[in-house]
Amino acid sequence: MSGGTVTTVSSNGTYSFTKPNREGITLLAGLGVEGDVHAGVTVKHRSRVAQDPTQPNLRQVHLIHAELFDEVAGAGFEVAPGDLGENVTTRGIDLLALPTGTLLHLGAEAVVEVTGLRNPCAQIDNFRHGLLKQVLGRDENGEIVRKAGIMGIVLTGGEVRPGDPIRAELPAEPHRPLERV
């Protein structure tokens with residue numbers, strides 16, 4: 001199994017594109033990040049609430065790989081942990097390559113089940129003009145590639161802090177690739 005490290009944790013109790021970094025966050029089973037505006041059993045993202053507020057919240061926790069920040073810096077964009085609204089910034093684990101249903105063990109207790117890819121939106125360009133093109137591209141077959149992190153639901157709660165290890169437990173095969181949620 002592959003693993004990595006938590007570099008930063010972030011949360012925000014109000015709707016805002018970015019999330020302030022914290023010394024630690026508490027994940028709550030079935031809800032998400034304690035005190036975060038996106039925590040809940042049903043959807044909390046405004047666009048999804050507008051479509052159907054009774055949908056299950058498959059986006060309780062947003063994780064982004066710090067390697068993305070390195071990549072966009074090469075194109076002239078300064079992006080720091082929490083800037084894109086993620087709750088957990090990681091390093092050393094290829095989040096985008098994980099299959100749907102992967103269990104991410106964060107720290108000593110917390111377990112997050114990967115539900116899919118974050119769908120980058122126009123707010124990213126409002127944050128840094130031209131950044132959306134860096135985190136949303138196309139592969140050699142013309143298929144859309146979403147690089148702005150992954151989403152998950154909390155199966156087992158617990159504290160998560162910078163420096164905590166991450167261990168990925170892959171689901172039984174056949175593996176299903178990540179799709180946007």
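Biologist: Which helix does Leu68 lie in?
Modeller: Leu68 lies in helix α2, which covers residues 66-73; helices here are DSSP runs of H or I with at least four residues, strands are runs of E with at least two, and both are numbered from the N terminus. Please keep in mind that this is a predicted model, where local features need pLDDT of at least 70, side-chain atom pairs count only at pLDDT 80 or more, and totals for chains, interfaces and linings use all residues. Residues are numbered from 1 along each chain as its sequence is written, and side-chain values use heavy atoms, with hydrogens and water left out.

Biologist: Is Leu68 buried or exposed?
Modeller: Leu68 has a relative accessible area of 1%, so it counts as buried, a word used for values under 20%, with exposed meaning over 50% and partly exposed in between (1.4 Å probe, protein chains only).

Biologist: And what is Leu68 in contact with, leaving aside neighbours within four places in sequence?
Modeller: With those neighbours set aside, Leu68 is in contact with Leu84, Val135, Lys147 and Ala148, where contact means heavy atoms within 4.5 Å. Gln134 is 66 residues away from Leu68 along the chain, and the C-alpha atoms of the two are separated by 9.4 Å.

Biologist: Switching to the other end, where is Val181 found?
Modeller: Val181 is found in the segment after β13, and Pro174 is in that segment after β13 (165-169) as well. The peptide bond that leads from Glu173 to Pro174 is cis, with omega near 5 degrees.

Biologist: What domain does UniProt list for residues 20-169?
Modeller: The UniProt entry, which is unreviewed, lists "domain: MOSC" for residues 20-169; its positions follow the numbering used here, feature names are shortened, and annotations may be inferred rather than shown by experiment. In the model, that span is 16% helix and 33% strand, and its end C-alpha atoms lie 29 Å apart.
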